[in-house]
Amino acid sequence: MNVFIARQAILNRKKQVSAYELFFREGQVNAYPENTNHHVATSKLIGRTYFNKGIKPFTSGKRALINFSEESLLKRLPFLLPKDEILIEVLEDVEPSDKVFSVCQELVKSGYSIALDDFVYKPEWKRFLTVVRVIKFDIQQTSLDEIKPLISELLAKTRIKLLAEKVETHAEYKQAVQLGFHLFQGYYFCKPEMKQSQEIESTQMLLVMLLNEVNKKNINYSKIIGLLEKDCGLVYKMLCYVNSGIFPLKGKITSVKQAITYMGELQLKELISLFFTAVLAQDKPPELIQICATRAKFCELVINNLAPAICDQAFMTGMFSLIDAILDIPMRNITIRLSLDEIICETLLDEEDISQTPISMALRTIRHLENGRWHLSEREALKLCIPIETINQHYQQAIEWAEHLEDCDTP
């Protein structure tokens, strides 16, 4: 599915791009959609960037400013993102409450940086000046002459960087420089630039069930793993999170179960909540995702006959066998980003069908079956030492399993 976001450059005094602010867009219209809940917008923006291709491709490796509403802050949404890639922008309508201040303190202690958006000083914000790194002033809303005394005080008493937002003329830019602003953003430099991407769609019912499971008093991790394994989109996004650098990985990821062990209960709940908010309203999974699910189950069934110890790798190989087509990203880039097990990578990157590992042969077998190349599927079955009748049974089981994704009641 095509999705859209916009970015606008933030420049330093040398007019060099220092960062980009990312904006949620509903479609090809380059404007924030009316009557959109800010928390939902931020959740979707994160899902379309970080949990797909990552943030860096949208910011050319620069830091990203992302807006967070009060609801997003209190739901701890920023903690899902890598601290070295984002600047948390607290929206102007957020109340400077004790709860918000506590979250900001925790974020700073964890290494995150915070900006205050469209800042208008009130005594209630004074304590926040000890934790923020950047303050943004909308110079169309409050003129530079009006905020001059505050700018002088901030420059004299803090190390906070000041950002002039909505700079529309050279005169405004020149005046902001003279007042001591460090960063600049606005139409004088550039308008928000639209970026198009591909987003994996996820099953609505699956997300409802996942959210229900993680909110139970006693979480059943086996059920959660079983549900996640039914959707390659959710598995991909979860692995992006686990491999983001937040967790000190001790080895290659080989299964959904292993990935979940790196997350605590709170982080798992936050992650599932984000997925729920961001993609609940999406359509049913496209054909490609159902094919991936069928392949995953087929590979698992075949390998269970041969080498049960690598069933998890077989499942994930089938699950991600078409992920490059779904995301429109080269397979090599995906395997690097997810830090997948070498057995999985070997098969996914085997474009010439050279590999003769059991998982590679299993994946080739189902590809031949999908395309009606019966003689080739029989040849792979012979190499696997599995009767073709058993192969066909596994294929039918896998198809039935994938077709019942929406009826995947928990056991």
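Is Tyr188 buried, partly exposed or exposed at 28% relative accessibility? Tyr188 counts as partly exposed (buried is under 20% relative accessible area, exposed over 50%, partly exposed in between; 1.4 Å probe, protein chains only). The model is predicted: local features need pLDDT of at least 70, side-chain atom pairs count only at pLDDT 80 or more, and totals for chains, interfaces and linings use all residues. Residues are numbered from 1 along each chain as its sequence is written, and side-chain values use heavy atoms, without hydrogens or water.

View 1. Strand E3 spans residues 63-68 (strands are DSSP E runs of at least two residues, helices H or I runs of at least four, numbered from the N terminus). 5 of its 6 residues are buried, so E3 is largely enclosed by the rest of the structure. Strand E2 (residues 17-25) runs parallel to E3, joined by 3 bridges (pairing takes at least two DSSP bridges). Tyr20 stands opposite Ala64. On E4 (residues 86-90), also parallel, 5 bridges join to E3. Leu65 has Leu87 as its bridge partner.

**View 2. The Phe119 and Phe137 pair.** These rings are edge-to-face, 5.9 Å centre to centre, with 85 degrees between the planes (Phe, Tyr and six-membered Trp rings pair with centres within 6.5 Å; planes under 30 degrees apart are stacked, over 60 edge-to-face, the rest tilted). Phe119 lies in the loop between E5 (114-116) and E6 (134-138) and Phe137 in E6, so the pair ties together parts 18 residues apart in sequence. Both residues are buried.

**View 3. The Tyr188 and Phe189 pair.** This pair is edge-to-face, at 5.0 Å and 70 degrees. Phe189 is partly exposed, at 22% relative accessible area.
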